[in-house]
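Subject: Structure for your files

Hello,

Here is the structure I promised to send over. My notes on what was found in it follow below.

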Amino acid sequence: MEEEIEKILLRSYDVLKSECSLHSKASILYNLILVKLENKELVAFERNIYLDVKQFIGLYTYDQTDYEYGYDVINLNKLEGILLVIDYKEAKSLTNYAIRNLKLSGFESEADRLLKFQSKLERRYYLNNLSITTGVQFLLSLSYGSLLGLLSTIFLFVCTLAAILYPLKNPLFVLFYIDYDGKSELGFLSHSVRVLAYVMEIDGYIVISTANDFGILCLIFIKGLIAIVVVNYIFQEISKVIKLK
């Protein structure tokens, strides 16, 4: 069975070397890639599947610009389907390559769609390889892509900080001493609003002092993460502009 599949792949590679149209070559490559993906032992047959996908991207994006008037929308479903199942690092590199090609061919909205798809790939990889490092990277990845994502991530961190800072009755577990500017104990919502004011460095609503060194580290960690999220968002937005140029 494997020998028959190898013969089919060899014939496909031979056709790619012929003078057939770009559209035909792109179709042949797409089917060739699917065969390799269904037969994992053949992903490097003749050449690595990475090179097959890269050639497919080059042919597919260029071929769309060569169509007659009316074919001004490129279908990315095929490409995204392939990128979802190949090695993550290769998929990331190929996505960058596709974004550049699409931009050069004038498909700006499609290039922007692939940028968002790349974020999806990253989050998928982090969740499938969960650790402390990838967990933090996953949280950071939620922040870029949109302003809403950034605000949602900051909101998540503020809620986490508010939960950590919420006054405890048992003195054995106290990490912080909270003073609501002379007010009595508050509910969690009012407490959270004051914590947000604290993060924004707005004075007069809450005074926080640490009970021990661990409390200091908790504050540094959460506030540091929020700063990293904001800086990361700015960096990703700049990178997005650079990629699309």
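In which helix does Ser192 lie? Ser192 lies in helix H9. Before going further, please note that this is a predicted model, in which local features need pLDDT of at least 70, side-chain atom pairs count only at pLDDT 80 or more, and totals for chains, interfaces and linings use all residues. Residues are numbered from 1 along each chain as its sequence is written, and side-chain values use heavy atoms, with hydrogens and water left out.

Overall layout

The protein chain has ten helices and two strands. Helices (H or I, at least four residues) and strands (E, at least two) are DSSP runs, numbered from the N terminus. Along the sequence the order of elements is α-α-α-α-α-α-α-α-β-α-β-α. Of the 245 residues in the protein chain, 38% are buried. Here buried means under 20% relative accessible area, exposed means over 50%, and partly exposed is in between (1.4 Å probe, protein chains only). The protein chain exposes about 14,700 Å², and carbon and sulfur atoms supply 60% of that area. Accessible areas come from the Shrake-Rupley method with a 1.4 Å probe; for residues, only the protein chains shown count as cover. Of the contacts between residues at least 6 apart in sequence, 64% join residues at least 24 apart. A contact means heavy atoms within 4.5 Å.

Leaving aside residues up to four places away in sequence, Ser192 touches Val158 and Ala162. Leu196 also lies in helix H9, which covers residues 188-199, but Leu196 is partly exposed at 38% relative accessible area. Ile154 lies in helix H8 (residues 147-165). Ile154 and Leu196 are 42 residues apart along the chain, and their C-alpha atoms are separated by 9.8 Å. With residues up to four places away in sequence not counted, Ile154 touches Val229 and Val230.

Surface patches

Leu196 belongs to a nonpolar surface patch with Met200, Ile202 and Tyr205, and together these have about 400 Å² of accessible area. Patches are made of residues with over 30% relative accessible area and no salt bridge; like charges are joined within 9 Å and nonpolar side chains (Val, Leu, Ile, Met, Phe, Trp, Tyr) within 5 Å. Glu2, Glu3, Glu4 and Glu41 form a negative surface patch. For charges, Lys and Arg count as positive and Asp and Glu as negative, while His and the chain ends are not counted. The place of a charge is taken as NZ of Lys, CZ of Arg, CG of Asp or CD of Glu.

Salt bridges

Side chains of opposite charge can pair when their charged atoms come close. A salt bridge is taken as a side-chain nitrogen of Lys or Arg within 4 Å of a carboxyl oxygen of Asp or Glu, and by this rule there are six salt bridges. One of them joins Glu80 and Arg113, with the closest N and O atoms 2.9 Å apart. Glu80 lies in helix H4 (residues 77-83) and Arg113 in helix H6 (residues 108-128), so this pair ties together parts that are 33 residues apart in sequence. Glu80 is buried at 12% relative accessible area, whereas Arg113 is partly exposed at 35%.

Another salt bridge links the side chains of Arg47 and Asp52 (2.6 Å, N to O). Asp52 is buried at 0% relative accessibility, and Arg47 is partly exposed at 24%. Glu108 and Lys103 also meet in a salt bridge (3.3 Å, N to O); Lys103 is partly exposed at 24% relative accessibility. Salt bridges that share partners join Lys36, Arg47 and Asp52 into one network.

The loop at Glu46

Glu46 is found in the loop between helix H2 (22-38) and helix H3 (49-65), and is exposed with a relative accessible area of 52%. Most residues other than glycine have a negative phi. Glu46 has a positive phi of about 70 degrees although it is not a glycine. Leu10, in helix H1, touches Phe45 and Glu46, with residues up to four places away in sequence not counted. Leu10 is partly exposed at 34% relative accessible area.

Regards
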